[in-house]
Amino acid sequence: MNAVLQVEGLHKAFGGVQAVADVSFAVAAGEMLALIGPNGAGKSTCFNMLNGQLAPDAGIVRLAGRDIVGLRPRAVWRLGVGRTFQITATFVSLSVRENVQMALYSHAGRLRSLLQRFGAAFRAEADALLAQVGMLDQAERPCGVLAYGDLKRVELAMALANAPRLLLMDEPTAGMAPRERVELMELTAGLARARNIAVLFTEHDMDVVFSQADRIIVLDRGELIAGGTPAEVRANPKVRAVYLGSTH
Amino acid sequence: MTFASILIQLLNGLAAAASLFLVSAGLSLIFGVTRIVNFAHGSLYMLGLYGAYTLIQALGRTPLGFWSAVVLAALLVGIAGVLIEVLVLRRIYRAPELFQLLATFAVVLVIKDIALFTWGAEDLVGPRAPGLSMAVEILGKRIPAYDLLLIAIGPVVLGVLWLLLTRTRWGALVRAATQDREMVGALGVDQARLFTSVFFVGSVLAGLGGALQIPREPANLDLDLAVIADAFVITVVGGLGSIGGAFLAAIIIGVAKAFCIGIGTVSWFGFEISFSKLTLVVEFLIMALVLVARPYGLLGKPQALQRLTTDPAPPLTAPSWKIALVWVVLLLGVPLLADRYITIMLTDIVCFALFAVSLHFIMGPAGMVSFGHAAYFGLGAYAAGLLFKRAGLPMEAALLLAPLCAGAFAVVYGWFCVRLSGVYLAMLTLAFAQISWSVVFQWDSLTGGSNGVFGIWPSAWLADKTTYYYLALACCGAGIAILWRVLFSPFGAVLRAGRDSPLRAEAIGIDLRGFQWAAFVLVGALAGLAGSVYAFSKGSISPSTISIGQSTDGLIMVLLGGVETLTGPVVGAAVYTWVRDAVARHTEFWRAVMGGIILLIVLLFPQGLVGGLKALFLRWKEQRA
């Protein structure tokens, strides 16, 4: 398999609590991989170790063959990893377009200028990205006044700005209405396939997971307990036990 | 040093630590629960000292009179604290944090003048404690019995506070609110009463700290800012919200100061090192070291959970070129119409406008509040004066090199500061400003010490006041134009973005600290330019240009005008300078008037002058439509 992201033997403990234990998996280009599990299973911890926000106690994270453990988030981003957050993180005092332009300027290494006017460059590129996520009509509005679902779209546009090979999306649809959720993930899946981007996402909404993911891996108490196609995972007794609380 | 003298210094230090601990514990308690950085806390301490002085005279110099006076003074200060909370702060808990800060500055000004009115400008030396005026002999050295009592009081108060916080329902509420105050509100606790009670206890501690000092230090009007600086340092070193941390920090700093005095001048390898001169700096050095090693203080935890309570910063709008042009023409025309007096005042205003705009740049759009911005203004002024007088450079060269010197200091200070955020960052900027101030204040041979530097006059072609006004307008106007321009550049956009979400900035490949450091240097250099122009307009400079007072003046100007608009700081600088001058000509109590005006504005226009006028204008337009 031509893996974009390859994770081997990832470990993380907080005090005496083993948050993530010996987790290994891989994501291929163009693939939508869902990481699911009950609350406290270690999904966010796992995520934060992939882009450098947390340092793992042990394990290897390879991006296109290169070990990226120990790199800062900004360095990981430069290697082509886009990220959206569980609680949206955007620049609330800048307009939607400026948010995307910020990512484009950063990608081009043109933020150090003191006297040029910000926003003059990459306008068309920003608008193209906004059109893809359906936010072009709100390009002039400041992010501080947007609805939550729209902020998630802006984050997606920003994550796409450096032409990533991997997208990390932590709870991409949290806080959205059910119909919006499916729309956003269909949009993501379409973009991922068209641009051959690997997508790893965590999600609580099982409708979204089972309808959009190519493959699913299941985390419980820090350990991977199952993995496979949606149909396989759905039929897995261990997964049923974790989610339904029964052992049958 | 012999063992005996080490012990004596240790005891001296512990005695000094007692009052420091009381004040800081009160500050920490209030900050923990209300999230208000209460600049007026030092003023409450000062009131405690003055109050004890007067009450002892009234109640008589007997042990009973003395101790009733101390307790009564502390309780009265507690009531003063409650008044401040109920009359002012309660009305603005929902306003942006910085605005609450402005309100506490106003309270500082008002209390200072109340003290001036009641007790006069002379230092008041209090009596020794009756029954404790003797000295106890320890290892052949004499130590005042009162000091030994103070040493005991610190741990006693710590114990009482600990019992209050851990064993009472009130204490449980205080601890809960320190951790998550919205949650406590959501659980149905009457927040107003909780806040008022915390203010009472915190203020009593400040008052008690002051009252207990009456046999040891004279009551004077400069104590408010001096003590608040000490209390900030101790709370930050100990860890915000940690009473035990405050105790530990008070002891470390009290003892370190005592040893600096005790050691005196020492000769090491042919170098003369004056430790007694280090006394004024040592606490700030300790603080800088602690913050760099442990960003949350010795016993502090990462900042408590705080949800977004205020609206996000609104988008920044660029000032219109046309309006700016009208103003430039007006300002150029003033000397043709006005007298010399107004021209001189406008020169001041122009310097302070650049000072305020540079402070606004760093605290508003860049989101890094500085309590010590006077460092760069003052260092610029001193650099100009020293390059001119001591290095003998031509005035023009000194004027233009001074900003580079201020910028060089900002390179060093900024490197440390950008590693912190929030209140800790603000305190570290204050620490650097105080370090600069005390070096300038004590280095007599170079800086002239407390007298300052004289005879810094501009070259002959600039000597005329009107010509100098045009020079000031050109220099400071250019500085303001540069800062405003930079705010809308990619660099400035990164700063605004980093204020909004450091997490997102990092996630799109931005090395935010590098940008913030560069911003520090830029505003440092331009504040230095303001100081340099100011120095040559006055002809002399004194350490007050680097003082906390100058820093708080800058903060008042920015907050008065409104931190959310670009033109706000300019308006704030003009209004503050003009009102201060106009009021000071009529009454000696200009601070009280100024403080009253600020309080009115705070209560009526919580977005500052320009922000408030804008909102009024928008409402008027809506009504017409």
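Predicted model: local features only at pLDDT ≥ 70, side-chain atom pairs only at ≥ 80, totals over all residues.
Chain A comes to 9 helices and 10 strands, while chain B comes to 25 helices and 4 strands. Residues of chain A and chain B meet in a contact, with 31 residues from chain A and 26 residues from chain B.

**Overall dimensions**

- Chain A has a radius of gyration of 18 Å, which agrees with the value near 18 Å that a compact globule of 248 residues would have.
- The C-alpha trace of chain A spans about 65 × 40 × 35 Å along its principal axes.
- Chain B has a radius of gyration of 25 Å, in agreement with the value near 25 Å for a compact globule of 625 residues.
- Along its principal axes, the C-alpha trace of chain B spans about 70 × 65 × 55 Å.

**Domains of chain A**

- The domain assignment of chain A gives a domain 1 in two segments, 3–80 and 164–244, and a domain 2 at 94–160.
- The C-alpha centres of domain 1 and domain 2 of chain A are 26 Å apart.
- Contact between these domains of chain A involves 11 residues of domain 1 and 9 residues of domain 2.
- Helix α6 (residues 178–195) of chain A gives the most to the side of domain 1 that touches domain 2, with 5 residues.
- By class, that side of domain 1 of chain A holds 8 nonpolar, 2 polar and 1 charged residues.

**Sheets of chain A**

- One open sheet of chain A has 4 strands in the order β2-β1-β4-β5, with antiparallel pairing.
- In this sheet, β2 (17–28) and β5 (66–67) of chain A stand at the edges; each has a single partner strand, so one side of each is left without a neighbour in the sheet.
- Strand β1 (residues 3–14) of chain A pairs with β2(A) in the antiparallel sense over 8 bridges.
- A:Phe14 has A:Val17 of β2(A) as its bridge partner.
- Another open sheet of chain A has 6 strands in the order β6-β7-β8-β3-β9-β10, with mixed pairing.
- The edges of this sheet are β6 (81–84) and β10 (223–228) of chain A; each has a single partner strand and therefore one side without a neighbour in the sheet.
- Within it, strand β9 (residues 215–220) of chain A and β10(A) pair in the antiparallel sense over 5 bridges.
- The bridge partner of A:Ile217 in β10(A) is A:Gly227.

**Domains of chain B**

- The domain assignment of chain B gives domain 1 at 3–293 and domain 2 at 336–624.
- The C-alpha centres of these two domains of chain B lie 30 Å apart.
- In chain B, 35 residues of domain 1 are in contact with 33 residues of domain 2.
- On the side of domain 1 of chain B that touches domain 2, the elements that give two or more residues are α4 (97–119), α9 (223–238) and α11 (275–293) of chain B.
- Helix α4(B) gives the most to that side, with 15 residues.
- That side of domain 1 of chain B divides into 31 nonpolar, no polar and 4 charged residues.

**A helix pair in chain B**

- The axes of helix α13 (residues 340–363) and helix α22 (residues 548–561) of chain B come within 9 Å and cross at roughly 75°.
- Because angles of 65 to 115 degrees count as roughly perpendicular, α13(B) is roughly perpendicular to α22(B).
- From α13(B), the contact is made by B:Phe352, B:Phe355, B:Ala356, B:Leu359, B:His360 and B:Met363.
- From α22(B), the contact is made by B:Gly554, B:Met557 and B:Val558.
- The residues of this helix contact divide into 7 nonpolar, 2 polar and no charged.

**The contact between chains**

- The contact takes 26 residues from chain B and 31 residues from chain A.
- On the side of chain B that touches chain A, α18 (465–487), α19 (490–500) and α20 (502–507) of chain B each supply at least two residues.
- Helix α19(B) gives the most to this side, with 8 residues.
- By class, the side of chain B that touches chain A has 16 nonpolar, 4 polar and 6 charged residues.

Key
Residues numbered from 1 in each chain as written. Chains lettered and ligands numbered in written order. Axes fitted to C-alpha atoms, helices over the stretch in contact; angles between N-to-C directions. Parallel < 35°, antiparallel > 145°, perpendicular 65-115°, else oblique. Contact = placed C-beta atoms within 7 Å. Nonpolar A, V, L, I, M, F, W, Y, C, P; charged D, E, K, R; others polar. Domains from an automatic or database assignment. Pairing = 2+ DSSP bridges. Rg over C-alpha atoms; globule rule 2.2 N^0.38 Å.
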